[in-house]
Each structure stands twice: as structure tokens, then as C-alpha cells.
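Keep the viewer open as you read.

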2 protein chains.
Amino acid sequence: MNKKRLLITFLALPVFIISGDISEQYKPNAERIIQASLNNDAGFERLAELCDTFGPRFTGTQNLEDAIDWILKQMENDGLANVRGERVKVPRWVRGEESLELIQPHKKNMHILGLGGSIGTPKKGIRGDVFVVNNYDDLEKKAEKAKGKIVLFNVPFTNYGETVGYRYGGAVAAAKAGAIAGLIRSVGPFSMNTPHTGGTAYEDSVKKIPFAAITLEDAAMFQRIQDRGGKITVKLKMDARSLPESWSRNIVAELPGSEYPEEVIVIGGHIDSWDVGQGAMDDAGGCVAAWEAVRLIKELGLQPKRTIRVVMWTNEENGLRGGNAYRDNYKNELENHILAIESDGGVFNPEGFGFSGSDEARAIVQDIAGLLEPIGSNFIGDDGGGADIGPIMKEGVPGMGLKVEGSKYFWYHHTNADTIDKLDKNEFNRCVATMAIMAYVVADMDERLPR
Amino acid sequence: MNKKRLLITFLALPVFIISGDISEQYKPNAERIIQASLNNDAGFERLAELCDTFGPRFTGTQNLEDAIDWILKQMENDGLANVRGERVKVPRWVRGEESLELIQPHKKNMHILGLGGSIGTPKKGIRGDVFVVNNYDDLEKKAEKAKGKIVLFNVPFTNYGETVGYRYGGAVAAAKAGAIAGLIRSVGPFSMNTPHTGGTAYEDSVKKIPFAAITLEDAAMFQRIQDRGGKITVKLKMDARSLPESWSRNIVAELPGSEYPEEVIVIGGHIDSWDVGQGAMDDAGGCVAAWEAVRLIKELGLQPKRTIRVVMWTNEENGLRGGNAYRDNYKNELENHILAIESDGGVFNPEGFGFSGSDEARAIVQDIAGLLEPIGSNFIGDDGGGADIGPIMKEGVPGMGLKVEGSKYFWYHHTNADTIDKLDKNEFNRCVATMAIMAYVVADMDERLPR
């Protein structure tokens, strides 16, 4: 603990002691926000219209830029201030046509999704035998058998953080063992023959090989056939390629503060999605929930002392360029970034927030969370944040991630099943209320949330 | 009630009175069957190998005939008697390439499955606007708007019997209203962007139009866009066509009776499947469970007085030719068909049977079901049967359908997600035990199960 930190600790202590007062003071306005949120039909319909009109919003696509234009226009209509698209240079990966044909033991066209960033195959495809491994150790032990094969990482889903390592690192590991292409069991716990895409990575010093996700069903089948001593032959075709970088935008809009407009509470999600489904859960829901939160605060005539800034970051999925650009654009104003709130875990039934910040700030946040008891989202967990606010959190901005009942999140994550019908209007509305109350109170309370 | 029936009733009454004796008498053998079934790894592995080796077994395909050859060979190896493939003339429908491209409001390749029996589109496809209706009444009221459109039946799943009517009849109803093609919300309660295929029907007097199933997600999206006043434009391409009829086979194998070999208990499922997934649940599981039941009875050295005949009918899905051929082949022996048992509802956790037959027979069957209490499958419901045994039941043969915990059945039914991983070895083994005990006791008990 350095000196500065120590000083803040002592200064903040009185805040901790009187903190029960904040929730008491804001009860009437919190109740108004809850009522307005729960009776709101417009937000969920706006979310559905966004999803249905533009489809998936993959970085570099016209869909994404059209969706951004539409949102900017709606935000202007809502009367939000300083509505703008802030240009961000983004990578451009194109999936193209792709197929995995099972040739042996029987013929079948398998459902696959190439992984974001993967190279393609030669035009005629790569024909080869599949060799199944269960983890990196397994591959290392059997590296001789992997040589010249298409290696499948059949790694059961434990949790995302653990399993996704094979999606990022599998192509490099397989190539090092001499594989001609790589496959991965989709990173998810349940499947209806549902492949999951997501980003992968290469290393400059290692030969790049094509890398795609197959379904849980097909991964299990390959495992069984191999265990039985059978031979698996497939032909993988992928048109995937990277194109020159292009431009996208972070969406920014504000409800300016009445007393400390230079002090900012950021609230948002990422507007880009993978190129499948509708990106409804990941993360249109988070974006629109944050936007609705601010729109409702404004509609209720509640102008907080500090500025609430809605941000919809671009290119979270395959580059994080939006989050990084935001940090760079605002590097001289980050000291006045009081709090950053992101929703990127689906707008399912809200339970509260994860929070990353000082103990002093946590005590205040926990006090405010008491206002969320009526809708059951008053839990404040240990770690909070989100990919897009990660870069500014590293610069010291306290961060919060909306915490929701997430048991189905990884069923749909990065799949064609991430569509608006998986979300529920009432749950969405409770997310809006949860984010609105937290953002509003932190923006309006007398004391500045300490770091 | 006719005279003959009345006579049987009176004759059967004593059976009812002494019927508790049957379960008492067969307890030791039932316990042996349960033990053997629950400790059996070979059956589920055989089921998995069938699914993995041959893939889906659609009528008219080499996959199906190869699977039949393999089963016949295994049955010979098992030492079953009178193992044979009985030739059946079957229809041949070919799906071919198919696609539904969303053109407006955004571009997207949608997941579809053409419906079995549908005609194809012209090579360049059918481009048109989609008009959504919710039921036949709705279509009739708005018939003017359906003219020249691609009509979508967006009918929520209530139960299969009710909802499937739109899959069979939708093409005719849409064509009558002047539609240029038809779409249906897939017949199922849950979707991960999962289309369900299944049979459809035309009428000679009505123009044939192509008919395909879209996912629940896309049906809901089309509904929302239409409700919003938006325009939906798609291009449907289907290569679907019917080819000349070809030959398939019903699989028949027996455990001959020691005293009344001419009296037969039939037990089985249908060996064909749709051309998607593995047809693991529908109905490889039912076939292999019946087969295992008989194999285990034989392995335990239990030769019943009557013959137990495993039958795996062909072409249930798009013709029922196997079930009809069986009735025709055995029409002179149906009087001696004591009972027909089919499993075609998935080999999930067994609950018992549905039974269709006389009250006298029901009392006996209920007594026998007492032997299934240890594995919880002792329920005897009102209606029993199965599509394949339907034709012989119409001729008077008492019928039973295995009843299972079926809450997920229609998640996977006729989809690419009907794969072996959806089944559980222990549940499968309990199904085997349930079918084995019922078949064995009815085959072995002193009295003949009355009609």
C-alpha cells in the first residue's frame, strides 16, 4: 500500500461510517427508477428492433456501421447530449464459406464455425485423418501421432476462463506438434449440434494452420470412434481471411452533470458481436440496457451532479480496439472517471454487480446496492469489470460488471442461438433498473466515489 | 361388446383374481434380468457404434442398408434364431442442397430443413416476401394477403399431435391461398437455432409448393418484423425431389418358444431415421433396447414358452412401409400375435408402458408391471402402441408402447441434435430391463394373454 492509498483510506473512513445515509437519501428516486424501468416496454422493443433489423454486428461489416448510425439517430431523438461516434481503426476478418465433410466412417456435412482470426485452407480444402487429444499434456505425450493429422482438442467445458485457453492457444499447440489443421470442441456446456465461434491466436514463430470449432456432439463422436480404434477422415474447407483494417466507431452519449460535469460515470457494453446469431445477449442487451438506464433517468427529470456517459464500444470480440481507443482518447480525463459499469454477461435476471475498487468505495457501493433489494439485485461481489472497461480500469478507474443469473449464458455464447428470444423483457427491465440506480446515485451523491 | 368379447371376459375373470401370482412367480427371473440389464455395457456401446458408424439411416440410403447388414450379422453372432431381412418396397425422397437466404431487412443464411416429401424449387430459387400467419383460421381470414407470398405458419408448439398438423397440412393450405412456397416454425418447444424436419403431404387437386421448416428463432423474428410493419424478403432454394421406389428391409430375429413357438410376442422399434443427426433417440435406441432385451434373456438361459421376435421396421418416418409390410407378411399369423411392444419415444428414463387391449389383459399386464417396481417403470397407462405396430394393432393385436420421461424428446426430434450423447447408458439399461421383463413374462406365463 503506497502513501497515497493510505491517505485515501483514512479520508474515506468517515464515508464508510455515514454510508447508510446514501441509500436512505435516494430511496424515493430509486423507487421511481424501479417503477419506470419495470413498466417500460420501449427498451426491450428497441433491443429487438436493433437485433432484427441489422442482424449480427461483426467488426468491419456494414451491418455494424448501419446499426451504429441507427443508434446514434435514436439517441439524438432521445435528447441525449454530445451524441457522437468516435472513430476506431479495427481489424477485418472474414469467415467466408466453410465446411467440414466427414468422409469416414460415414459421409456427413458437419456444422462448424471457423475461429476468428484463423487462416483459411487451400481452395480444395485439407483432407486428413483426425487425431483426438483431451488437453495439452495429452497432445505433448502423443505428439508423434498428431503429426500430419488434423488435431481435435476434445476438452470438456469446465468454466469459460479455463476452457477458452484451448480456443486461443490450440492452433499454435497443434502446429507445433506437426498438425495440418486444428479443430476444437466448441467452448460451451450444452449443444443442439451448435458450434461456437470466438477468437483464436497465432504466434509469429509457429506455422499458421486453419482452426475451427466443431459441435459437442461431433467431438464426442470422434472421441468414441478413436477409442474404438476406428479411423476418422475429414475434409476441411475454410475461405477465412484477414482483410485490411477499416474504420468503426465507439458510440458515446451523455446526460451532463449539473455540478461536476467533468466527472464522469461510464456505463455501457460492446456494440459489435460475432458474425452469427443476432449478438442479442452478447452484447446488444448490455448496450441497450445501459442506454435505457440513462434515457429513463433523463425522462424522470433526474439530472445528477456528475455526467453519466453511455458508451457502446466497438470491436470487443476480435480486437478490443474500442476499449483501448477509449482509454487513449480520454487518457487526460481518466482521473475524473469516477466509475465504469459494463454489462457483458447477458441481461438475464440481475443479481447485482461485481466491483473492483478500494474498500472505501466498496462500502459506498454496498450501501447504494441496498436500494436494489426490492428487485433482488443487491449483491456486490468481489471482482468486477468487463473487457471494454478493462483498459481504463488498469489506469485506476473503479470498475463494475453487472452480475446476472448466468446459467444459460454459455449455451448461446458466440452461436447462432444468441438471439433476442433467449432474453426476457422483465429480466431486461430489472437490469435497466439495476444499472440506472447504481449509475445515478454514484453520479449524484455529494461525495465523489473514492479510489 | 360382441359375443366373443363377452366370452373372453368371463373366461378371463379367474385370471384377474389369481393374477397377483404371476409377479410372485417371476420375481427371481425378473431380478436376474434387472441385474443383467443394469450391469450391461455392451448394449449402449452397440447403440453408439451403430450411430457413429453409419450416421443417419434415411429410407433409400446406403447408410440404412449398411446398418441393416451390420445388425443382421451381429444378431447372427448373438445366436438369435431365424435372423432375416424381409424385403420392403420403400419411397425415396432426396433432400439435396437447400438454403433460405434472408434478403431484407438484412442478409443472412438461415438454418432450414426441407420437409420430407416436399418438391424442390426451380434451380434459381423462389424469391418472395414472407407473410406470417398463426394458424389455419388466421390464414383463411387473411388469404388475400397470402397470395403470391411465401407463407410462414408461425404456430407455437403445444403438443406434437396438435402442432404437427401444420407440418402435414401447411403446404396444401398455403397453396390454396395462392402462396408460392410455404415455411413452418419447426415443430418443437426449444431451439438453439435448430430446424426440425418431418413428413409433409400434398393433395392431388392442389398445386404443390415447396415447404420447409425454419427455426423457432427465425419464426419469432419474422413475426416481430411483420408486427412492426416491416418487409421480409427471402430466397428459398431446395433441390428436394422424389426418386423411384427402392428396396429396404424389416429386420426380424427370434428367441423361439419352447412350448408354443407359433405364439409370438413382437418387440422392437424402427431402424430408419430422418436424414439428420444420428437418429439415436428416434429410433436406434428403441431398436437396440429391444434387441438387447432379447439377447440378455437368451444369455441368461431363459427360454420362454412362446417366441419373442425382435422386429426393426423400416421406413417409419416417411412411409410406414415397414409396419404395413409386416402386417401383410404375417396376416395369417396375427391371431397368434400375443402382444406387440414398441419403443419409439426415446430410451430415456422408463416409467412403464401405455397399453391398448382388453381389461382382462390389462389386469395381467399390471400384475407383471409390479416386477418393474425396483426400477420405477411399473406404470401402465391407458393408450399404448407405436406407429409401426399400429397396422397389426388394427387387426386386433394388443399393443404396448414404452413410456419414458419424455420432457426433452421434442427438443431433439427430427433434428441434427438427435445424437447418442443425448441418451444415458443407465436410463437405456433400465429401458432394456423394462422391455425384457414384460416380453419375457408374457411369453412365458402359463395363460395366453387374452384379447
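The text below goes from domains and chains to helix pairs and then to backbone details.

This is a predicted model, in which local features need pLDDT of at least 70, side-chain atom pairs count only at pLDDT 80 or more, and totals for chains, interfaces and linings use all residues. Residues are numbered from 1 along each chain as its sequence is written, chains are lettered from A and ligands numbered from 1 in the order in which they are written, and side-chain values use heavy atoms, with hydrogens and water left out.

Start with chain A. Its domain assignment gives domain 1 (12-93 + 244-444) and domain 2 (96-239); such bounds come from an automatic or database assignment. The centres of the two domains of chain A, taken over C-alpha atoms, are 35 Å apart. Nine residues of domain 1 are in contact with 19 residues of domain 2, where contact means heavy atoms within 4.5 Å. The two domains bury about 1,100 Å² between them, and carbon and sulfur atoms give 71% of that area. A:Trp93, A:Phe410 and A:Trp411 supply 51% of what domain 1 buries against domain 2, more than any other three residues. Buried area here is the accessible area (1.4 Å probe) that two parts lose on being put together, summed over both.

Now bring in chain B. Contact links 30 residues of chain A with 30 residues of chain B. The chains bury about 2,600 Å² between them, with 56% of it on carbon and sulfur atoms. On the chain A side, A:Asp52, A:Met192 and A:Arg228 supply 27% of the area buried against chain B, more than any other three residues.

Next come helix pairs in chain A. Helices (H or I, at least four residues) and strands (E, at least two) are DSSP runs, numbered from the N terminus. Axes are lines fitted to C-alpha atoms, for helices over the stretch in contact, and angles run from 0 to 180 degrees between N-to-C directions.

Helix 3 (residues 42-54) and helix 4 (residues 62-78) of chain A have axes that come within 10 Å and cross at roughly 150 degrees. That crossing makes helix 3 of chain A roughly antiparallel to helix 4 of chain A. Angles under 35 degrees count as roughly parallel, over 145 as roughly antiparallel, 65 to 115 as roughly perpendicular and the rest as oblique. Among the residues that meet are A:Arg46 and A:Phe54 in helix 3 and A:Asp66 and A:Trp70 in helix 4. By class, the contact of helix 3 with helix 4 has five nonpolar, two polar and four charged residues. Ala, Val, Leu, Ile, Met, Phe, Trp, Tyr, Cys and Pro count as nonpolar, Asp, Glu, Lys and Arg as charged, and the others, Gly among them, as polar.

Helix 14 (residues 425-444) of chain A meets helix 11 (residues 359-369) of chain A, with axes within 10 Å and a crossing at roughly 125 degrees. That makes helix 11 of chain A oblique to helix 14 of chain A. The contact includes A:Val365 and A:Ile368 of helix 11 and A:Ile437 and A:Val441 of helix 14. It has seven nonpolar, no polar and no charged residues.

Finally, check the backbone. Most residues other than glycine have a negative phi, and most peptide bonds are trans. The bond from A:Gln104 to A:Pro105 is cis, with omega near 15 degrees. A:Pro105 is in the loop between strand 2 (98-104) and strand 3 (108-110) of chain A. B:Asn82 has a positive phi, near 50 degrees.
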